[in-house]
Each structure stands twice: as C-alpha cells, then as structure tokens.
Amino acid sequence: MRFSNRLNSPKSGDLSAAAASRQRQILDRLSADYSRHVHELLRHRELIKGSVYEIQARCGNPSCHCAKPRGVRHAATVLSWSEAGKTRIRSLPKADRARLRRLTESYRHLRQARANLVKLHQQVLDAIDRLEQVLRLPPPSPSQRHSGI
C-alpha cells in the first residue's frame, strides 16, 4: 500500500524530487572538491619521505672542543627517515639542504592531501547512499504485481 501512495501522491513525489535534487547538488559539489584535491596531488613531481632538521653532536675527535664535558657541540643539518623499521640519519651538505627540505615538505603535503582525499571520498560515498535512499521505491504490494508494474 505504501508503494501506491508514494507513486500517486504528488506531495511525496515533490518532496522526494526536492530531496533528490539536493542530494545531487551535494554530490556535484563533492565531486568538484574531489577533482581539486586530485589535481593538488598531481602537482607533486618529486618528494622524499623524511625530515630535515638540525642536531648538536660530538664529532668523536678526543682533542676537539666538543669532547670536553661542557664543550659546545657541532651543529649539523640531517635528513632522518625510516627504513625497514629503523630510523636512518644522514648529514646534509649545505648545498643540498634547501632542496631536500622542499622535497620532504612536498612529501608531507602529499600525505596531507591524500588524507583529505580519503575523508572526501567517504563523504562522496555517504552522499551516494543518501541519494539512493531518496530515490529508492519500496517493492510493489502483492495486489499491484499483476497490474503490469
């Protein structure tokens, strides 16, 4: 009986059409956002997983000023990354520091854009589910099965 009421009732048809239209608009907006996020991912050309930062270290030379108990340590800029579950560190020459810092920032931006895309993807799926709920009709009642529907 619910099936025939929904098909024949202009009010419920108008309401479901308006709800479907709203869901389509939401889905269209999410689709445009999704496209922008994908293009953001595509702009990255090179990247390095890791972090560039400065450390203070002792050089290991026993006659160096850093070997004294209160001696000033040497500053070094390093690239740190994880490989096979272990943290690796490599000292960086001055000429490479700016480039490697940009490449590690690109990696972080890509990972953040990916996380945003995952969230947006879930929103798209939820919007599709809501659109389906609005559009879905109930199965016909037994009396209507034989009437050619």
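Of the 149 residues in the protein chain, 23% count as buried. Keep in mind as you look around that this is a predicted model. The chain exposes about 11200 Å², with carbon and sulfur atoms supplying 53% of that area. Among contacts with a separation of 6 or more, 63% join residues 24 or more positions apart.

Let us start with the overall layout. The protein chain holds three helices and three strands, and read from the N terminus its elements follow the order α-α-β-β-β-α.

Strand β2, residues 74-83, pairs with β3 in the antiparallel sense over six bridges. To find this pairing on screen, look for Ser82, whose bridge partner in β3 is Thr87.

Glu83 counts as partly exposed because its relative accessibility is 41%. Arg88 also counts as partly exposed, at 33% relative accessibility.

Now follow α3 itself. This helix spans residues 94-135, 42 residues in total, and reaches 62 Å from its first C-alpha to its last, close to the 62 Å expected at 1.5 Å a residue. Several of its residues are buried, including Leu100, Leu103, Ser106, Tyr107, Ala113, Leu117, Leu120, Val124 and Leu131.

Leaving aside residues up to four places away in sequence, His44 touches Ser106, His109 and Leu110. Is His44 buried or exposed? With a relative accessibility of 13%, His44 falls under the 20% cut-off and therefore counts as buried.

The C-alpha atoms of His39 and Ala113 are separated by 9.9 Å, although the two residues are 74 residues apart along the chain.

What links the loop between α2 and β1 to helix α3? Glu46 forms a salt bridge with Arg99, the closest N and O atoms being 3.6 Å apart. This pair joins distant parts of the chain, with Glu46 in the loop and Arg99 in helix α3, 53 residues apart. Arg99 counts as partly exposed because its relative accessibility is 43%.

A search of the whole structure finds five salt bridges. The side chains of Arg136 and Glu132 meet in one of them, at 2.5 Å from N to O. Arg136 has 41% relative accessibility and so counts as partly exposed, and Glu132, at 38%, counts as partly exposed too. Finally, Arg29, Asp33 and Arg36 are linked in a network of salt bridges.

Terms used: Residues numbered from 1 in each chain as written. Predicted model: local features only at pLDDT ≥ 70, side-chain atom pairs only at ≥ 80, totals over all residues. Heavy atoms only, no water. Helix = DSSP H or I, 4+ residues; strand = E, 2+ residues; numbered from the N terminus. Expected span 1.5 Å × (residues − 1). Buried < 20%, exposed > 50% of the residue type's maximum accessible area, 1.4 Å probe, protein only. Contact = heavy atoms within 4.5 Å. Areas by Shrake-Rupley, 256 points an atom, 1.4 Å probe, with all protein chains shown as cover. Pairing = 2+ DSSP bridges. Salt bridge = Lys/Arg side-chain N within 4 Å of Asp/Glu carboxyl O.
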